[in-house]
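Please keep the sequence and the model in view while reading.

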Amino acid sequence: MYIFLQIQNCFDAGYYSKVLDLVQILESNNKTDLDFIEILEMMKFMSKIELNEDYTMENIKSLYEDVINQDKVGIAATCLYFIYCSPEVSKDEKYEVLTKMKQLYLKRFGKSPIIDTYLIYMYLIDGDFQSALSLTNESLPETKILRVFIYCLMNRYDLAHDIFNQILETYNDNVSDTTQQILSMSDFKESVVVRIAEAWIQCIKGDYNSAFVTLANIQTDFGGNSTLLTKNKSDSTNYVNYTDKDYQSCIILNSTAVIHMQRQHWSEALELLKIAYKLNPKSVDTLSNLISCCYFLNKPGEAEHYFSEMQILNNNHEKVLKINLLDRAFQI
């Protein structure tokens, strides 16, 4: 269970190279729990895509047909999510993909947090906050914690703060009646998703230093300077030492940059975002934050460059729609 939690935390923090390395160690030691095989396969697959390995849209569509016939819903959901996010997919195709994801959700209701999470993300991409919230109503805390991020995106910081405290205070009550394998209270509180949510809450409250520390601790625990113990302290072969600067995370870099932006420290934010851009130039979150920074730093040329890239990736993104609306207003 310990090594699986480490892999899950690396995955949630966006350290995808570490996910692949740790899964390989787990598999080479023949320690893979049957209950976690599908989740590990899903995390491996998504990590490879996030690292820009050679997966074309046709590859992903073909893989979806294979895995759905084998009832591998985790990988199937991952395929659908990436198809949905692709700029190559038409509006009609997106609707079909969303329908297929809803069917998977209904088929595995309450049994697959992976599907719940992807469907929530797809709703958020479309700005459908209410549908995203509805999926968290009866969910376990591991999924319900996503309400914090949804409320923040809705600018309902009061609700984000309240639900964060409520989830932590009632965690044991919420999981006591379930037969699913769930995290202990301590593991849940130390999980990356909860810690990032905590950083968002700290930032909202203006406690920027605490938010920086929370994110820095995630970097320390799982990032480029961390040493992850995968099994036994006495067995050196089960240690993976990471010092390569390439082991960075767009998720942590963007989160840290946003805190700088909240403090009006635009140059510091831009420096981090450019690192994130090198890691993944197709990250819409990174591009959106880069556009904001460049405008505030009076770099219109750079802002327009990132804006054009963002239009290609998601022409319906809220940032794209707002900028286009402003442009039309000034042209009148």
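A residue is called buried under 20% relative accessible area, exposed over 50% and partly exposed in between, with a 1.4 Å probe and protein chains only. By this scale Asp158 is partly exposed, with a relative accessible area of 41%. The model is predicted, so local features need pLDDT of at least 70 and side-chain atom pairs count only at pLDDT 80 or more, while totals for chains, interfaces and linings use all residues. Residues are numbered from 1 along each chain as its sequence is written, and side-chain values use heavy atoms, with hydrogens and water left out.

The interior may be considered next. A nonpolar core is a set of buried Ala, Val, Leu, Ile, Met, Phe, Trp, Tyr and Cys residues joined through side-chain atoms within 4.5 Å. The largest such core has 78 residues, of which Ile7, Met43, Met101, Tyr118, Val148, Phe164 and Ile218 touch the most other members. Helix α5 (residues 73-85) gives the most to this core, contributing 10 residues; helices here are DSSP runs of H or I with at least four residues, strands are runs of E with at least two, and both are numbered from the N terminus. Apart from this core lies another, of 23 residues, with Cys250, Leu272, Cys293 and Tyr306 among them.

Two residues illustrate the packing. If contact means heavy atoms within 4.5 Å, Met43 touches Phe4, Ile7, Gln8, Phe11 and Val19, leaving aside residues up to four places away in sequence. Phe45 is found in helix α3 (residues 37-50) and is buried, at a relative accessible area of 5%. With the same exclusion of residues up to four places away in sequence, Phe45 touches Tyr55, Ile60, Leu63, Ile75, Thr78 and Cys79.

Rings of Phe, Tyr and Trp (its six-membered ring) pair if their centres lie within 6.5 Å; planes under 30 degrees apart count as stacked, over 60 as edge-to-face and the rest as tilted. The structure holds eight aromatic pairs. Phe11 is buried at 10% relative accessible area, and Tyr16 is buried at 14%. Tyr277 and Tyr306 are also edge-to-face, at 5.3 Å centre to centre and 75° between the planes. Because Tyr277 lies in helix α17 (residues 266-279) and Tyr306 in helix α19 (residues 300-313), this pair ties together parts that are 29 residues apart in sequence. Tyr81, Phe82, Tyr118 and Tyr121 form one aromatic cluster.

Charged side chains complete the account. A salt bridge is a side-chain nitrogen of Lys or Arg within 4 Å of a carboxyl oxygen of Asp or Glu, and the structure holds seven of them. In one, Lys72 and Glu41 meet at 3.9 Å, N to O. This pair links distant parts of the chain, with Lys72 in the loop between α4 (57-69) and α5 and Glu41 in helix α3, 31 residues apart. Another joins Glu93 to Lys61, with the closest N and O atoms 3.5 Å apart. Since Glu93 lies in helix α6 (residues 91-107) and Lys61 in helix α4, the pair ties together parts 32 residues apart in sequence. Asp158 forms a salt bridge with Arg156, the closest N and O atoms being 2.9 Å apart. Finally, salt bridges that share partners join Glu190, Arg195 and Asp221 into one network.
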